[in-house]
Amino acid sequence: MKIPLNKLYFTGQEMDYMRDCLERNHIDGDGYYTRLVQDFMRDKFAVQEVFLTASGTSALEMAALLAGLGEGDEVIMPSFTFVSTANAVMLRGARPVFAEIDAATFNLDPNDIEARITSHTKAIIPVHYGGTACDMENLMDIARKHNLLVIEDAAQGVNAAYNGRFLGTIGHMGCYSFHGTKNYTCGEGGALLLNNADQELLQKAYCVWNKGTNRREFLLGQVDKYTWREAGSSYAPADLLAAYLYAQLQDLDKISSLRGEVYKYYAENLMVYQEQGIIQMPVTAPVWKPNYHIFYITFNNAKDRGLVMKHLRADGIEASFHYIPLHSSPMGRKLGYKASDLPVTEEMAGRILRLPVYPAMSRDEQDTVLDSLRKALAGIDG
Ligand SMILES: *Cc1c(COP(=O)(O)O)cnc(C)c1O
């Protein structure tokens, strides 16, 4: 039995909404379904404003633009993240400053932020790994104290919450991804969320999203034609994709609870290995409402991780790991970092292993993963 890391979930409404979108004779951006999706997210996540974007990457890029980042500015972020977090900053001519992660959550360690703040620091980008929130309380305190913007990379955190607030709605801006590998998808898609933005920033966001024009005022009947106002871009996805996404969002909670079933079954069955000190599982706490995006186990060393991954893969199970830390990548080295600059990140990146999780995963498929894993773990000492 071949078991992929991820498998698409269909609610059954995707084709109906896409057909309806075609029949409405409007498949380009900012159409009927784009509005429905934006309204849905604004209500569901209780946030000021939502802009649907062509990807999580473009949401981050739009956030970096709105943050006014430029040459000489610095932005603190974890090195343990997807490249887009850092690219968004680099593309504005600013510098990513990498900080350590907390070994228990793989999230930005708030204790490693203040030492990295300089007079050039403009923002912090926490990444909510696997949909488990960063310590946002501490992080927001630090940001307030130093007057820094917080842009949440909540690409993996859609429909997860921290202390009763949805991820992506706690900082000044939040970025979601609807990439094919994420919990809720439309192939390629994303969203930028604004939280408590002042009128100036809000108007700038409408303008930037509309290719740098006041098209929104035109659509609202406030002006009789729209014109170029500032540098913007084409961030909106085709309405056809929004239609697909709208179907997925209808089943928002069902999808996380199906993933949760898979997650809990793994956790129950692997507890014995955690008790023997062979692996660690993700930590949980009442402050976190999870979305079960990633199930990972952590080994005591990289060698064990490598052996187990090889074993699972030989059995047709697509266990995998990420990320190669950004600071020790070829680009990170060009920026002047060396691997030893962030020892916790370097170490933990070598020890993590992700197991397949998808909403429609059967017990049979899970048992296949667990059987293969048990065989592999039998060869490892605690
Ligand atoms: C997926 C992801 C992104 C990028 O999202 P895309 O929609 O693929 O562009 C950014 N950051 C993190 C942490 C991600 O997991």
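Predicted model: local features only at pLDDT ≥ 70, side-chain atom pairs only at ≥ 80, totals over all residues.
Figure 1. Look for tyrosine 292 in the loop between strand S13 (288-289) and strand S14 (295-299). Its phi is about 55 degrees, a positive value although tyrosine 292 is not a glycine. Most residues other than glycine have a negative phi.

**Figure 2. Asparagine 163, another residue with a positive phi.** Here phi is near 50 degrees, and asparagine 163 is not a glycine either. You can find asparagine 163 in the loop between strand S8 (161-162) and strand S9 (165-166). Is asparagine 163 buried or partly exposed? With a relative accessible area of 42%, asparagine 163 is partly exposed.

**Figure 3. A cis peptide bond between histidine 322 and tyrosine 323.** The bond leading from histidine 322 to tyrosine 323 is cis, and its omega is near -10 degrees. Most peptide bonds are trans. Tyrosine 323 belongs to the loop between helix H10 (302-314) and helix H11 (330-334).

Figure 4. The ligand takes up the space of the largest pocket. Around the ligand are 15 residues, and the closest are Gly56, Thr57, Asp153, Ser177 and Lys182. Which helix gives the largest share of this shell? That is helix H3 (residues 56-66), with three residues. Sorted by class, the shell holds five nonpolar, eight polar and two charged residues.

Figure 5. Start with threonine 57, where a polar side-chain atom lies 2.5 Å from an oxygen atom of the ligand. For serine 177, a polar side-chain atom is 2.7 Å from a ligand oxygen atom. Lysine 182 has a side-chain N or O atom 3.1 Å from an oxygen atom of the ligand. Taken alone, the ligand would expose 380 Å², and the protein buries 93% of that.

**Figure 6. Threonine 81 and its polar partner.** Threonine 81 sits in the loop between strand S2 (74-78) and H4. Threonine 81 is buried, and its relative accessible area is 1%. What joins the side chains of threonine 81 and threonine 85? They are joined by a polar contact of 2.7 Å.

Figure 7. Alanine 94 and lysine 211 are 117 residues apart along the chain, and their C-alpha atoms are separated by 22 Å.

Terms used:
Residues numbered from 1 in each chain as written. Heavy atoms only, no water. Near = heavy atom within 4 Å. Polar contact = N/O pair within 3.5 Å; in protein donor to acceptor, adjacent residues only side chain to side chain. Areas by Shrake-Rupley, 256 points an atom, 1.4 Å probe, with all protein chains shown as cover. 1 Å grid on protein atoms, 1.4 Å probe; cavity = no way out; pocket = protein on both sides within 12 Å on 5 of 7 lines; lining within 4 Å. Sits in = over half its atoms within 2 Å of the grid points. Helix = DSSP H or I, 4+ residues; strand = E, 2+ residues; numbered from the N terminus. Nonpolar A, V, L, I, M, F, W, Y, C, P; charged D, E, K, R; others polar. Buried < 20%, exposed > 50% of the residue type's maximum accessible area, 1.4 Å probe, protein only.
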